[in-house]
Amino acid sequence: MLDELTAALAGILPADSVITDPVRLRTYECDGLTYHRATPGVVVLPETAEQVAAVVRLCREAGVPFVARGSGTGLSGGALPREDGVLIVTSKMRRILEIDLPDRRAVVEPGVTNLAITEAVRDQGYYYAPDPSSQQICSIGGNVAENSGGAHCLKYGFTVNHVEACEIVTPDGDLVTLDRMDPGYDLLGAFVGSEGTLGIATKITVRLSRAPEAVTTVLAAFESIERGGEAVSAIIGAGIVPAAIEMMDALAIEAAEAAVACDYPRGAGAVLIVELDGPAQEVERQFAQLREICSGAFELRVAAGAEERAAIWKGRKSAFAAVGRISPAYIVQDGVVPRTALPRVLAEIDRLSAEHGIRVANVFHAGDGNLHPLVLFDDAEPGAGERAETVSGAILDLCIAHGGSITGEHGVGVDKAKHMPRMFSPDDLDTMQLVRCAFDPAGLSNPGKVFPTPRLCGEVPGVRKGAHPLVESGKAEQF
Amino acid sequence: MLETGVTVRDPGPDDAVLGMLPRRVALPESVEEVAEVLRACARDDLAVVPVGGGTKLHWGPPPERFDVLLDLCCLNRVVEHAAGDLVVRAQAGVTMGALAGALAAEGQELALDAPFPDATVGGTLATAVAGPRAFRYGTARDLLIGVTVVLADGTVARSGGKVVKNVAGYDLGKLFTGSHGTLGVIAEAAFRLHPLPADRRWIVAVADPPGMAERGPCRVRELAATLAASQAEPSAVELDWPHGQGPIWMSVLVEGAAAAQRAEALAALMGDALRSVRAEPPPQWGAIVRDEVLAEVRFRPSRLTGVLDAVHYSGFSLRGSAVSGRMWLELWDDPGEDKTVTALRGLRERLTALGARMTVLATPYEGVDRWGEVSSLPLMRRVKEQFDPGRRMSPGRFAGGL
Ligand SMILES: Cc1cc2nc3c(=O)[nH]c(=O)nc-3n(C[C@H](O)[C@H](O)[C@H](O)COP(=O)(O)OP(=O)(O)OC[C@H]3O[C@@H](n4cnc5c(N)ncnc54)[C@H](O)[C@@H]3O)c2cc1C
């Protein structure tokens with residue numbers, strides 16, 4: 001069946017836009033979560049929205065599933081291909097179509113990288129606010145699908161808060177524009193973060209932000225995580241909303257030191273990176289408050305300029321890759337807890353780590369309680385991988401138990417679909433899937449992601465039969 | 001009252017929706033009771049209109065059918081205010097005023113400007129009205145982090161949660177925000193909060209309208225653009241233009257540390273416009289003054305001059321954000337159905353030509369085209385069919401008869 005479809009695809013796309021060579025197909029077998037792999041049935045590289053729509057229509061007619069892929073940096077297996085399906089890669093759709101500074105917006109194709117937008121407007125004093133650490137390579141289409149965040153989303157919000165409109169190809173193969181200006185349901189809000197399961201974004205209008213007048217970046221070194229945590233609480237308590245508050249523990253610092261020689265203060269149990277930005281006078285006042293709050297730090301560094309700021313961020317930004325220096329293998333976890341629960345949760349992670357003999361390095365967006373524990377193990381050691389999995393899963397349970405979430409920014413994908421029922425009830429999940437049924441009743445757009453069990457569309461949920469007990473007993477009125 | 005099941009009462013004149021009276025008014029006191037009512041309605045195929053403070057009940061067309069008014073006034077608990085997390089969870093019937101009071105006690109706020117203080121959390125979400133500070137903080141959907149909704153069949157579903165950062169599952173909160181009661185009932189909501197600003201200042205200035213050639217060209221757009229681009233970061237830039245005639249009032253809000261100095265800096269940018277800096281909001285700040293006939297205009301800020309031109313002498317009063325491109329049009333002296341229909345049609349034509357959008361939120365007149373063309377309407381219909389296949393939730397009250 002795929003052969004016929006492949007022939008049809010070749011009929012509507014440029015010659016070099018259909019990949020069937022097994023060696024080349026394999027370069028698309030996974031995203032950033034490399035332990036889920038599948039060789040796609042066929043890969044297409046459309047150049048226009050119309051081509052994407054035509055591909056989707058052919059898939060629909062043939063009943064073949066399709067998966068969108070941007071840069072493949074996703075960390076939850078969202079872009080994991082289907083062996084029986086088509087992988088639609090946006091890497092040939094990289095044009096910035098319009099930059100409109102008076103209206104603070106840019107219109108881009110989905111394959112444009114996150115950083116490319118900022119680079120296009122930086123000289124004029126603007127930038128695109130969401131800044132995932134992968135911003136040099138990840139695509140804006142992937143950002144929309146994952147509702148990606150970044151270090152600065154504490155103050156500025158996530159992708160969904162910065163997207164004004166999306167042209168999408170629906171799973172029916174129609175081109176439709178979802179615009180915040182339109183009356184009616186906020187389908188744009190539902191689409192952003194839907195991980196490629198409601199269609200494919202082919203044109204994205206993002207909001208541009210004015211660069212702040214002043215930026216002050218501070219590195220504070222504390223003896224312990226607890227001390228650092230107290231400082232974070234005090235900052236929030238003082239009514240300050242910094243652009244970013246990041247924290248790293250001793251093991252994460254050790255890794256960063258080994259990888260990029262970031263030269264953080266020796267002997268720190270935790271470092272806190274706090275970035276204040278905004279009008280100069282406001283930043284100045286907040287900085288004075290911050291200095292006082294961080295008086296318990298044994299060292300406080302203040303970046304004097306862009307170069308020193310970059311030096312402070314270097315250790316933090318390299319942290320994921322850096323743990324490769326201190327461990328042969330690792331799992332990047334992503335969970336969220338209410339910020340005030342951080343100290344308790346970190347203590348419990350410590351306990352889990354000791355209990356299973358698995359080291360955990362902690363890097364996190366402390367301001368919004370988004371943890372990125374790096375669960376370290378030696379894949380040559382029998383059973384270590386399983387123990388690491390156990391610890392990693394237990395961390396998610398901790399997040400749920402503390403009223404948090406199983407993912408703050410990396411998405412559910414294939415990786416966490418099985419955890420969804422622990423966070424949401426069957427009714428919650430069924431209700432979410434009503435949206436899926438409206439957009440994609442045939443379930444062809446990135447199937448198997450996000451939800452552990454697909455809902456059969458068209459099935460009407462059961463209504464309680466018979467009279468309510470209170471009515472029967474005469475305690476309530478029937479109307 | 002829980003022991004006796006859900007409280008119901010007979011309707012009174014205040015329960016009418018555009019002249020239509022329900023058969024019953026239900027007063028649930030818990031999410032479970034909301035579900036109980038909706039299950040009963042499903043069983044007997046009764047059509048339901050949910051209501052919060054009742055401030056906007058006359059917005060939108062009348063329902064196609066109307067049996068039960070679901071009054072959420074008794075669902076009025078602030079469930080949890082986690083001040084250290086800058087998060088609040090509140091039931092739908094809590095008024096925005098009461099919520100603001102509770103939050104202010106801890107030095108925090110929900111940075112959503114409600115045009116009516118009696119409006120409830122649920123009603124504010126369901127209508128997605130935006131106020132002046134949306135320029136800085138976004139609108140209701142941007143501050144909402146979790147919801148509990150009850151569907152037409154009584155299913156209780158949650159999405160999001162009580163943490164600010166969370167991408168697990170679809171965001172039903174966004175879908176229900178602005179759905180005008182047509183998808184189900186918003187029973188509870190969680191929001192991200194902000195610290196109350198340390199200080200606030202308003203700059204109030206007067207500018208000339210378009211076409212006053214003898215006094216120089218209209219500089220409103222230029223001023224708004226300068227303010228929006230300023231690194232002194234105003235939270236809002238509002239215009240107020242009574243009757244769409246005479247001088248245009250411009251008010252700029254500056255919030256946070258050093259607000260007074262920043263306001264002076266911004267005032268200086270405004271050149272020779274007549275202006276003053278004050279610590280109190282100007283009259284009718286963020287308000288909706290009259291809403292018998294009310295429309296919302298959305299436009300790109302660079303088209304502001306065109307929008308002002310279109311409104312000039314239209315008889316409508318204009319108020320709203322020059323920098324977010326979102327304004328109210330109010331009709332203070334109703335000239336009757338024919339003239340209103342014609343005026344609105346003319347306005348939509350001119351605004352559409354600018355790439356702007358006009359939605360008529362409230363009007364007593366059936367002849368008015370409320371929504372204009374909506375490109376994603378077929379998808380919206382499918383969403384409605386999935387969530388409310390029996391068309392029992394505020395049927396026909398929303399765009400395209402949803
Ligand atoms: C080192 C590293 C650091 C990272 N740091 C962060 C971080 O700080 N914050 C953060 O949020 N994430 C981070 N990520 C995760 C990842 O970069 C983001 O999820 C990113 O948005 C994925 O973009 P992509 O183009 O690589 O998408 P892909 O991995 O190609 O795809 C991701 C998902 O999007 C879907 N998709 C792709 N394009 C489209 C489209 N046009 N329309 C519809 N669906 C589409 C895919 O089907 C898939 O489900 C990091 C990843 C790495 C490797």
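## Close-up views of a predicted two-chain model with ligand

View 1. An oxygen atom of the ligand sits 2.8 Å from a polar backbone atom of Ser71(A). A polar backbone atom of Gly74(A) is likewise 2.8 Å from an oxygen atom of the ligand. Asn446(A) contributes a polar side-chain atom, 3.5 Å from a ligand oxygen atom. A polar contact is a pair of N or O atoms within 3.5 Å; within protein, one must be able to donate a hydrogen and the other to accept it, and residues adjacent in sequence count only if both atoms are side-chain atoms. In total, 32 residues surround the ligand (a residue is near a molecule if one of its heavy atoms lies within 4 Å of it). The closest are Ala68(A), Gly70(A), Thr73(A), Ser134(A) and Ser139(A).

The model is predicted: local features need pLDDT of at least 70, side-chain atom pairs count only at pLDDT 80 or more, and totals for chains, interfaces and linings use all residues. Residues are numbered from 1 along each chain as its sequence is written, chains are lettered from A and ligands numbered from 1 in the order in which they are written, and side-chain values use heavy atoms, with hydrogens and water left out.

**View 2. The interface of chain B and chain A.** Chain B brings 83 residues to the contact and chain A brings 95 residues (contact means heavy atoms within 4.5 Å). The two chains bury about 7500 Å² between them, 56% of it on carbon and sulfur atoms. Buried area is the accessible area (1.4 Å probe) that two parts lose on being put together, summed over both. On the chain B side, Lys165(B), Val167(B) and Tyr170(B) lose the most area to chain A, together 13% of what that side buries.

View 3. Chain B and chain A share 10 salt bridges (a side-chain nitrogen of Lys or Arg within 4 Å of a carboxyl oxygen of Asp or Glu). One salt bridge pairs Arg180(A) with Asp142(B), with closest N and O atoms 2.7 Å apart. Helix α11 (residues 377–387) of chain B gives the most to the side that touches chain A, with 7 residues. Helices (H or I, at least four residues) are DSSP runs, numbered from the N terminus.

**View 4. Domain 1 against domain 2 in chain B.** Domain 1 spans 1–196 + 373–402, and domain 2 spans 200–362; the bounds come from an automatic or database domain assignment. Their C-alpha centres are 29 Å apart. The contact takes 19 residues from domain 1 of chain B and 23 residues from domain 2 of chain B. About 1700 Å² is buried between them, 53% of it on carbon and sulfur atoms. Pro132(B), Phe135(B) and Arg136(B) supply 38% of the area that domain 1 buries here, more than any other three residues. The interface holds 2 salt bridges. Arg200(B) and Glu109(B) meet in a salt bridge at 3.5 Å, N to O.

**View 5. Domain 2 against domain 3 in chain A.** Domain 2 covers 96–210 and domain 3 covers 214–401. Their C-alpha centres lie 28 Å apart. The pair buries about 940 Å², 54% of it on carbon and sulfur atoms. His152(A), Leu154(A) and Lys155(A) lose the most area in domain 2, together 58% of what that side buries. This interface has 1 salt bridge. Lys155(A) and Asp277(A) meet in a salt bridge at 2.8 Å, N to O.

Note on methods: Helices (H or I, at least four residues) and strands (E, at least two) are DSSP runs, numbered from the N terminus.
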